[in-house]
Amino acid sequence: MISVPPSQSHALKQWVAEMDGVARRQDRECFMRIYDHFMPRLCRYLSGLGAPPVVAEDLAQEAMLKLWNGAERYDPARSGLGTWLYRVARNLHIDRVRREHIWVHAQDVVDQAAEHDVQQDSLAELHAEQVRLRQCLGELSAAQARLIRMSYFEAKTHTEIAKELGMPLGTVKSHLRRAFLQLQSSMGEQR
Amino acid sequence: MSPRHHLDPATVLGFAAGSLGPEMSVVASVHMESCGHCRQQLRLAERIGGLLLDQQACPVPGKDTQAALRQAMVDKLDRIPASIAGQGLPLMGASSARDDADRLPAALQPHFGSSYRSLKWNWMAPGVHCIRAPGLPSLMMIKIAPGTSLPIHSHGNGELTQVLQGAYDDALGHFAPGDAADLGDDVEHQPVTTPGVACICVCALDAPLVFRGWIARKLQKVLNL
């Protein structure tokens, strides 16, 4: 099971206020509070993806600098701060460590198309959704949780997961599909 | 364009996690470029990533390393002129060329160029032409003449196809521009292109196709499919 420590439930609005301080006043105290929370998490995420420790630290620092430099354009209605940093760190890893520039271009294309998508979630809705999602992550079956971890934290392809676990490819996909649909339904999205 | 056939949720999740192969990522992004539904799914999958990032316990760097990194960050902030702040995120404008009928989807342009008219098709089989992406042999564009029936086949590990022009039908339904066929290794199908217009698709194959008939299998060796 994926553990869900309740002590880490930083309210979205706290990060919105800190980001506002960074954007409007270039407030370093606000920034360093964000830094202290996310920096170790970014390092751990990037190390898990296979980056050597020094590289993971460099990329995590770079992600945080992007946040400092881009705070004015951060839009809390589009994504939570954790999601924003997750995307930046993931892309940095793919670009610098895996050197798959093709992938980064593909990501940019989708981002550009998404610029005009309507985002209707209020902060309160996003917060409620995050609480439900957190709970739902904790309720995934052991097999689902393992595959979700291997996808997100080890960036393993479906084929690699199938080989490593000795599982048919179709089973890997159906586990991930069910897990994703389950998590979606916790976020109020029905397919 | 309002697609009726979407990406498998497992593919969207793989894209969000950065765990799809490059070829699959290119084709998935072609689909998502024109599919608001799958972009919404992607947004949700990335929120899962954000939450997983936030939930991680125990910091990796030791206390001394953390302190050194923190000081290094403070020093960096000292050196950044105020005027640079705000330049970290790229501005993204809408592509004015998106509606140009001759223009390839943006995700394909680094691999195949920007114009359908300029594509240099290679003969593959009667009624079938293809172009493989340089450096990415399992990413290819395929042009199939109108009213052509392909041999019945399945896919070694799976296939992701996005229809760009024309259309085809198989047992799974009618696939028109904007539709994705995200097929597992257990799917066997026989696409038949719609009469009138050539069907142009972009495909990512994880493994070679598996043809049922012996003639098609012999042909496969010749065609290097």
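This is a predicted model: local features need pLDDT of at least 70, side-chain atom pairs count only at pLDDT 80 or more; totals for chains, interfaces and linings use all residues.
Arg24(A) and Arg25(A) are exposed residues on the face of helix α1(A) that is turned away from its buried side. The buried side of α1(A) includes Trp15(A), Glu18(A), Met19(A) and Val22(A). These residues lie on the same side of α1(A) because they cover an arc of only 100° around the axis.

Helix α1 of chain A runs over residues 12-25, and its 14 residues should span 20 Å at 1.5 Å a residue; the end C-alpha atoms are 20 Å apart, so the two values agree. Just past the end of α1(A), Gln26(A) adopts a positive phi of about 45°.

Of the contacts in chain B between residues at least 6 apart in sequence, 65% join residues at least 24 apart.

The two chains also meet: 61 residues of chain B are in contact with 68 residues of chain A. On the chain B side, the elements that supply two or more residues are α1 (9-17), α2 (22-34), α3 (36-55) and α4 (63-79). Helix α3(B) provides the largest share of that side, with 15 residues. By residue class, the side of chain B that touches chain A comprises 32 nonpolar, 19 polar and 10 charged residues.

Methods:
Residues are numbered from 1 along each chain as its sequence is written. Chains are lettered from A and ligands numbered from 1 in the order in which they are written. Two residues are in contact if their C-beta atoms, placed from the backbone, lie within 7 Å. Helices (H or I, at least four residues) and strands (E, at least two) are DSSP runs, numbered from the N terminus. Ala, Val, Leu, Ile, Met, Phe, Trp, Tyr, Cys and Pro count as nonpolar, Asp, Glu, Lys and Arg as charged, and the others, Gly among them, as polar. The expected span of a helix is 1.5 Å times one less than its number of residues. A residue is buried if 20 or more other C-beta atoms lie within 10 Å of its own, exposed if 12 or fewer, and partly exposed in between; C-beta atoms are placed from the backbone. The arc is that of the directions from the helix axis to the C-beta atoms.
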